[in-house]
Amino acid sequence: MEPIATKVVRGVTLRADPAREPCFRVVQDPSQLADYADMSETARRQRLHKHVHNEMQSMEMAAQTLADFPDAPWELRMSLARQCWDEARHSRVLHRRLVEVGGRRGEFPVMNFEWSITCMADSVWARIAIQNRTFEGGEIDLLKRLVRIWKEAGDTETAEILDGVLADEIEHVRFSNAWFKRLGKENPAALLKVGAAVHFVRSVARALEPKEGETNAAGVDLTAFEHVEVLVSPEDRRLAGFSDAEIEQAVLQETAIVATSTGTIR
Amino acid sequence: MANTYVAVTGLEAAPLADGGAVIFSPKTGKFVMLNRTAERLWTRLQAARTEDDLVADLCRTYTDAGADPVRRDVQAVLESLRGLDLVRPQLGVADGGPSAAAQGTSPRDGEAYAAPAAQVLGEEDLLKVFQLTAAEISVAGCWWAGCRTGNP
């Protein structure tokens, strides 16, 4: 792999941002984002804007992995290439919806959270451990919840788009899990890359965790914000190739977070 | 002469969220999960240590731990690690006192002593312990706009 450009955010070294059109304002810290905690019209545009940008990042990560690891197994490279097409399509469909509800690219600040973490990894196994198994694994749980949130807010069109995205994300997680099971037989030492990768994601998430009373650019108190709740989606995780033992463990981890949280997570 | 031990070279390790670690031995092809206390011992064993060194270190670290039970635990885990080909006895003297660079995981505030433990993991168990949920990622912010309500 070629040497990469990096940046330092809250003491953590991360991959430097990918290129962005001038309409986007790229920020480096969650407190600089304008994320809303409601479903007002502005908040809906901001949420869709975030999805558009996240899908862009997902496409860029898969593409960068293809570029950085030309010697990866051909079948894996094909899956990643197909993933690029899926993520690009998601971004376009979500952008169309964003415009329909009166939004535009660049209306809200963006942050390359997933890109900066994923693309630090120096092996193809660590890359798919982070992007596919970890981030997209979490996203399939979140998307299930988001479909419900948008339906409850009366926007079935956006809910249906996200439901379609969910089906593709399940496949992206599934092929990574299939590779890790294969890897366990062919090159078990490489499975440790999964562990090191997960540890890195956790350390970055903790470094970026807001301090008590910290607000974001929309004036939202980040520690009084309802970020998550127990939301592991066993059916979708099973479709994505997680074993029952892995699903059980994920539920335990979430339950432990809720039990130790001080109100941030409800 | 005191029993002296050192970690076998050529092993690979990955950290766990709770402060423990998973060690892989290319020679045996086994993954071994160490709890926090065992990980601390493991880190100390990157240089040759006597059993007395290891017991003294744990007693200094965990003030709630008694020397006799700690010694029994250390002996048991050393036996286990030797059986797994992760540690070997070394003739001669230990490499010296505690090294600032090799202290292992520090105990959390108020953390009680737990006996060091080593457990062999299958591949599925390994993937199970290397997971991160959306809830854990979301501590950094409103990841994927998954937040609902709660704020004006």
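Leaving aside its neighbours within four places in sequence, V201(A) is in contact with I117(A), I130(A) and T134(A), and also with L132(B) and I137(B); two residues are in contact if their C-beta atoms, placed from the backbone, lie within 7 Å. The model is a predicted one, in which local features need pLDDT of at least 70 and side-chain atom pairs count only at pLDDT 80 or more, while totals for chains, interfaces and linings use all residues. Residues are numbered from 1 along each chain as its sequence is written, and chains are lettered from A and ligands numbered from 1 in the order in which they are written.

V201(A) is among the residues with the most contacts inside the largest nonpolar core, which has 93 residues; I117(A), A129(A), I130(A), V194(A), A197(A) and V22(B) are the others named. Such a core is a set of buried Ala, Val, Leu, Ile, Met, Phe, Trp, Tyr and Cys residues joined through C-beta atoms within 7 Å. A residue is buried if 20 or more other C-beta atoms, placed from the backbone, lie within 10 Å of its own. Helix α4(A) gives the largest share of this core, 14 residues; helices (H or I, at least four residues) and strands (E, at least two) are DSSP runs, numbered from the N terminus. Apart from this core lies another, of five residues, including Y36(A), A37(A), V220(A) and L222(A).

Turning to the two chains together, 53 residues of chain A are in contact with 34 residues of chain B. On the chain A side, α1 (41-68), α4 (124-152), α5 (156-186), α6 (191-207) and α8 (244-260) each supply at least two residues, and α6(A) brings the largest share, 11 residues.

Chain B holds an open sheet of four strands in the order β2-β3-β4-β7, with antiparallel pairing; two strands pair if DSSP finds at least two bridges between them. At the edges stand β2 (12-15) and β7 (118-121) of chain B, each with a single partner strand, so one side of each is left without a neighbour in the sheet. Strands β3 (residues 21-25) and β4 (residues 30-34) of chain B are joined by five bridges, and I23(B) stands opposite V32(B) in β4(B). Helix α6(A) packs on the sheet and touches β2 and β3 of chain B.

As for chain A itself, its secondary structure comes to eight helices and four strands, and buried residues make up 45% of its 266 residues.

Technical notes
A residue is buried if 20 or more other C-beta atoms lie within 10 Å of its own, exposed if 12 or fewer, and partly exposed in between; C-beta atoms are placed from the backbone. Axes are lines fitted to C-alpha atoms, for helices over the stretch in contact, and angles run from 0 to 180 degrees between N-to-C directions.
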